[in-house]
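Dear colleague,

Please read them with the model open beside you.

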Amino acid sequence: MSRESIKVFAPASVSNVGPGFDILGFALFEPGDEIILRKSLYGKLEISSITGDSGKLPYDIEKNTASVAIKSLLNKHEISQGISIEVNKKMGLGSGLGSSAASAVGAVFAANELLELNLSVEELLPHALAGEFVASKAIHADNVAPSLYGGFVLIRGYDPIDIIKIKSPKNLYCTVIFPDIEIKTSEARSILPTEVSLKKVISQTGNVAALIYGLATTDYSLIARSLNDVIIEPVRAKLITGYYEIKKAAMEAGAIGCNISGSGPSMFAFSNSEEVANKIATETKNVVKNLGLGSAAYISKVNEVGPRILD
Ligand code: HSE
């Protein structure tokens, strides 16, 4: 019997991952958004409820990432089924954890299941990206792709889009520290340089290639040496109060590496044990507290599954 409604979870993600600006990302187990879709009146697409956003997200279906993603999907497949969307945000907006991407991914994943379309992740991807575009004003797939595909992904190219799933160590732990600041991706992109020196390109490409090799071969020492961003981090660190202090605390607690998650303010730190991952969370939270800010911390391995049906 076909469903009348569906509830799904779509995971947050860490993008850029040090040197991989716009080309690397991985999915987390938590946090993540919940999206509920209900079949409704013929042809009508609407947002019935949004929670957890402090009233900040639009109900206008042309502006909300979830509805834009579903509208793109319905148009492409000439589907006239009406759908009512409920968005339950379970992570901060402007957190650097792919919040808009998670809602767009949850929406297309849920629509595919609800309408029994049997579309592949490759076919769902452009619609989730259309949703992400309205929030970040840029085409970047490094949150959408890991959230949708699960796992650690490399975006080899954008024209055409080419997503490669890459291996990562079984015991890789990620601690996310999310200081209570909001940074809009569009603004964090507007301050980036439009040109970079060849010297920096050589350093960045060396690091990104080595990072992927280190992940694929479980070489923690290589991951540590290559989790280094010479282009974006020096510019965006200024947006995050106490960035270098927080990073120092993570490294002293035993992190393999630490950097900005997406466009921030969240930061991520890798470790290879749960004990160290917990210690990083405690120590970095303390630093943020001493800076007079609240924070949330999450500990997660790489989520290889991606979105899932809850109900
Ligand atoms: N790669 C994007 C950026 C991710 O850094 O602008 C945004 O979360």
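How far from an oxygen atom of the ligand does a polar side-chain atom of Arg236 lie? The distance is 2.7 Å, which falls under the definition of a polar contact as a pair of N or O atoms within 3.5 Å. For Arg189, a polar side-chain atom also lies 2.7 Å from a ligand oxygen, and for Asn16 a side-chain N or O atom is 2.8 Å from an oxygen of the ligand. Of the 260 Å² of accessible area that the ligand has on its own, the protein covers 98% (Shrake-Rupley method, 1.4 Å probe).

Please keep in mind that this is a predicted model, in which local features need pLDDT of at least 70 and side-chain atom pairs count only at pLDDT 80 or more, whereas totals for chains, interfaces and linings use all residues. Residues are numbered from 1 along each chain as its sequence is written, and side-chain values use heavy atoms, with hydrogens and water left out.

The residues around the ligand (a heavy atom within 4 Å of it) include Ser15, Asp22, His140, Asp142 and Thr185. By class, the shell holds one nonpolar, seven polar and four charged residues, where Asp, Glu, Lys and Arg count as charged and Gly is among the polar ones.

As for the domains, whose bounds come from an automatic or database assignment, the chain is divided into domain 1 (5-166 + 304-309) and domain 2 (173-301). The ligand lies between them because both give residues to its shell. Their centres, taken over C-alpha atoms, are 24 Å apart, and 32 residues of domain 1 are in contact with 36 residues of domain 2 (heavy atoms within 4.5 Å).

Terms used. A polar contact is a pair of N or O atoms within 3.5 Å; within protein, one must be able to donate a hydrogen and the other to accept it, and residues adjacent in sequence count only if both atoms are side-chain atoms.
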